[in-house]
Amino acid sequence: MFAESLLALSTIDVKPVETGLSAPTSVVAAPNGTLFVTEKQGRIIKIPKTGKPKTWFRINVSDDEERGLLSMVRIDAKRFYAAYTDGKGALQVSRFTKGGGQRKIIRIPHPQYANHNGGQLQLHKGLLYISTGDGGGSGDPFGAAERLSDLRGKILRIDPTCGSKRYCIPAANPRAGSPVIAYGLRNPWRFSIDTVTDEIWIGDVGQNEVEEIDRMRVGAPLTDFGWSCFEGRRSYNPDRCAGRDVTAPVLTYGRSEGESVTGGYVYRGSKVPKLRGWYVFGDFVSGRLWAYKDGTRKRIGRADGVTSFGVDQRGELLLTTIGGRVLRITK
Ligand SMILES: [Ca+2]
């Protein structure tokens with residue numbers, strides 16, 4: 001441990017923004033700096049720049065094991081998209097209007113197991129990107145991640161505003177008529193889109209041995225990240241490899257460093273110059289935080305139970321912890 005901390009070349013500081021939340025799963029910011037935090041049990045908490053946090057919205061969710069309210073993205077002051085697990089365990093993505101109810105966009109059945117729901121949303125150039133888990137259990141019992149007709153174990157891209165339709169498939173998607181832009185994922189719990197390079201960065205939680213970070217261009221051809229043929233770069237299930245052209249992870253780490261990766265963001269803020277252009281991410285179990293750039297990974301700090309990263313209105317990095325904290329990376 002001691003030697004390792006000496007190798008942490010450049011550490012960062014985290015400062016609490018808020019504490020006492022209930023299992024926060026994501027944080028987003030409004031242009032005025034107000035933060036919105038999703039809680040696993042279905043509440044959205046509004047945290048103004050000054051004053052007390054308040055419950056701003058409630059969504060009925062199932063919240064056993066890994067189920068719950070999983071993330072949101074803002075559209076404007078009253079409207080947002082959220083991903084949550086419904087009463088039957090399906091991953092539901094809907095548009096909500098404060099005071100105006102819910103418009104259901106897409107629902108992905110996931111009835112058997114309560115783990116591996118994915119559930120990250122990102123809005124980029126008017127299109128909605130959605131991560132989905134492989135259906136849960138262990139070892140992808142359904143072979144869902146590799147099967148393109150199954151929407152589990154994927155990154156999806158849809159046009160969520162499409163006349164009277166619930167959604168449309170963007171013409172630029174790699175497969176005509178399919179929302180799938182990436183597959184072969186186990187539980188891409190958190191992913192982000194770096195708008196400077198137009199790249200998608202995915203943290204894909206491993207099975208027994210290997211955590212991984214994957215990366216693809218927004219405009220890439222259909223991309224296969226390998227699960228469950230591979231776990232990270234290791235062979236996992238050779239029966240699931242036939243005919244696949246797998247894109248290897250950008251980086252992997254094993255059980256000596258963590259057990260459940262939480263994907264983050266490429267830092268594009270200004271207050272922490274040493275992190276500019278570095279991809280910052282962490283591990284939910286070990287609490288370690290790292291920064292990665294061009295083949296170099298540095299350990300930069302610690303946050304126990306990190307569930308999610310977010311960016312504020314100035315591009316500064318936030319994170320949430322299962323213990324109820326929102327933290328800000330300050331230097
Ligand atoms: Ca993989």
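1. Confidence in the model. The protein has an average pLDDT of 95, and 97% of its residues score at least 70, where pLDDT is the predictor's confidence in each residue, from 0 to 100. This is a predicted model, in which local features need pLDDT of at least 70, side-chain atom pairs count only at pLDDT 80 or more, and totals for chains, interfaces and linings use all residues. Residues are numbered from 1 along each chain as its sequence is written. Over residues 1-9 the pLDDT stays under 50, and for this stretch the model has 6 contacts beyond four places in sequence; two residues are in contact if their C-beta atoms, placed from the backbone, lie within 7 Å.

2. Overall build. The protein has 1 helix and 27 strands, these being DSSP runs numbered from the N terminus (helices: H or I, at least four residues; strands: E, at least two). Its radius of gyration is 18 Å, close to the 20 Å that the globule rule gives for 331 residues, so the protein is as compact as a globular protein of that length. The radius is taken over C-alpha atoms, and the rule is 2.2 Å times the number of residues to the power 0.38.

3. Burial and the core. Of the 331 residues, 45% count as buried; a residue is buried if 20 or more other C-beta atoms lie within 10 Å of its own, exposed if 12 or fewer, and partly exposed in between, with C-beta atoms placed from the backbone. The largest nonpolar core has 78 residues, and V37, I155 and V280 have the most contacts inside it. Strand β7 (residues 79-85) gives the largest share of this core, 5 residues. Such a core is a set of buried Ala, Val, Leu, Ile, Met, Phe, Trp, Tyr and Cys residues joined through C-beta atoms within 7 Å.

4. Strand β5 (residues 54-58) is hardly covered, with 0 buried residues among its 5.

5. An open sheet. The order β10-β11-β12-β13-β17 describes an open sheet of 5 strands with mixed pairing, whose edge strands, β10 (121-124) and β17 (223-224), each pair on one side only. Within this sheet, β11 (residues 127-131) and β12 (residues 155-158) run antiparallel and are joined by 4 bridges, with L128 having I158 in β12 as its bridge partner.

Note on methods: Pairing = 2+ DSSP bridges.
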